[in-house]
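Here are my notes on the packing and the aromatic rings, as promised. Have the model open beside you as you read.

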Amino acid sequence: MKYKGIIFDLDGVLCSTDRFHYQAWQQTAREAQAPFDETVNQRLRGVSRMESLEIILEGSPLTFTQAEKERMAEEKNARYRQLLRQMTPADMTDGVRAALTRLREASLKLAVGSSSKNARFILERLEAVSYFDAICDGTQITRSKPDPEVFLKAAGMLGLPAQACLVVEDAPAGLEAARAAGMDCAGVGGADWPFAPAYALPDVTALPAALLD
Ligand code: BG6
Ligand code: MG
């Protein structure tokens, strides 16, 4: 077995928070008179909150000061956190839980590597903290994906060298970050990958079979 650790992205891989991000950003886009649709939303996957705001504001005819941008990002996050309160353990499927359990039983170390500053809050809502040996999130990094920082830090927390880790990602920015970290990547879902991931899987539930059977 080539890998000793697996580093999972959170949003879009272990659970789906997409609809909440979408809803919360929609109001920001309205305030900025910027168009907002699924195509813009796709570009926000894996990138930090402030970078996401900048992407939305590309379509705005208005200009905002740094202080206004910070206020907009804060308000978006308050709306998002309010929506996240709807999440329950049922938002992490039995299939995902079974996959994590099987990988742990195969003596693999598991980590979360997420750009989100809300990652721990979400994992707590899902009652999923205990699956992981390490959680590295947006509160612990200064550069978001496609920078490799979050994955390198997660590998360090697991005590593993980069090449012993496999990243699991749903976003092109995450695939790029894994490559920059010197890690293989399993791409899940239907993203338009800029280059072929080591494994292309429909979702996380297919991972144990791909690695262990
Ligand atoms: C990533 C999401 O996991 O976290 C992005 O894919 C999001 O869409 C980013 O912008 C930052 O999230 P948060 O919760 O810190 O605003
Ligand atoms: Mg993601």
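1. F8 and F132 are both buried, where buried is under 20% relative accessible area, exposed is over 50% and partly exposed is in between (1.4 Å probe, protein chains only). Please bear in mind that this is a predicted model, in which local features need pLDDT of at least 70, side-chain atom pairs count only at pLDDT 80 or more, and totals for chains, interfaces and linings use all residues. Residues are numbered from 1 along each chain as its sequence is written, and side-chain values use heavy atoms, without hydrogens or water.

2. How many aromatic pairs does the structure hold? There are three, a pair being Phe, Tyr or Trp rings (for Trp, the six-membered ring) with centres within 6.5 Å; planes under 30 degrees apart are stacked, over 60 edge-to-face and the rest tilted. F8 and F132 make an edge-to-face pair, at 6.2 Å centre to centre with 70° between the planes. This pair joins distant parts of the chain, 124 residues apart: F8 sits in strand β1 (residues 5-8), and F132 in the loop between α6 (119-125) and β3 (134-136). Helices (H or I, at least four residues) and strands (E, at least two) are DSSP runs, numbered from the N terminus. Ring pairs also bring Y131 into a cluster with F8 and F132.

3. Now for Y22 and F36. Their ring centres are 4.9 Å apart and the planes meet at 35°, so this pair is tilted. Y22 belongs to helix α1 (residues 18-31), while F36 lies in the loop between α1 and α2 (38-43), 14 residues apart. Y22 is partly exposed because its relative accessibility is 22%, whereas F36, at 13%, is buried.

4. Back to F8, this time for its neighbours. Beyond four places in sequence, F8 has contacts (heavy atoms within 4.5 Å) that include V13, L14, L100, L110, F132, V168 and L207.

5. The largest nonpolar core has 37 residues, and I6, F8, L14, L100, F132, V168 and L207 touch the most other members. Such a core is a set of buried Ala, Val, Leu, Ile, Met, Phe, Trp, Tyr and Cys residues joined through side-chain atoms within 4.5 Å. Helix α5 (residues 94-105) gives the most to this core, with four residues.

6. Two charges are worth a look. K76 lies over the face of Y80, 4.3 Å from the ring centre, and R179 over that of F195, at 3.7 Å. The criterion is NZ of Lys or CZ of Arg within 6 Å of the ring centre and within 35 degrees of the ring normal.

Technical notes: Chains are lettered from A and ligands numbered from 1 in the order in which they are written.
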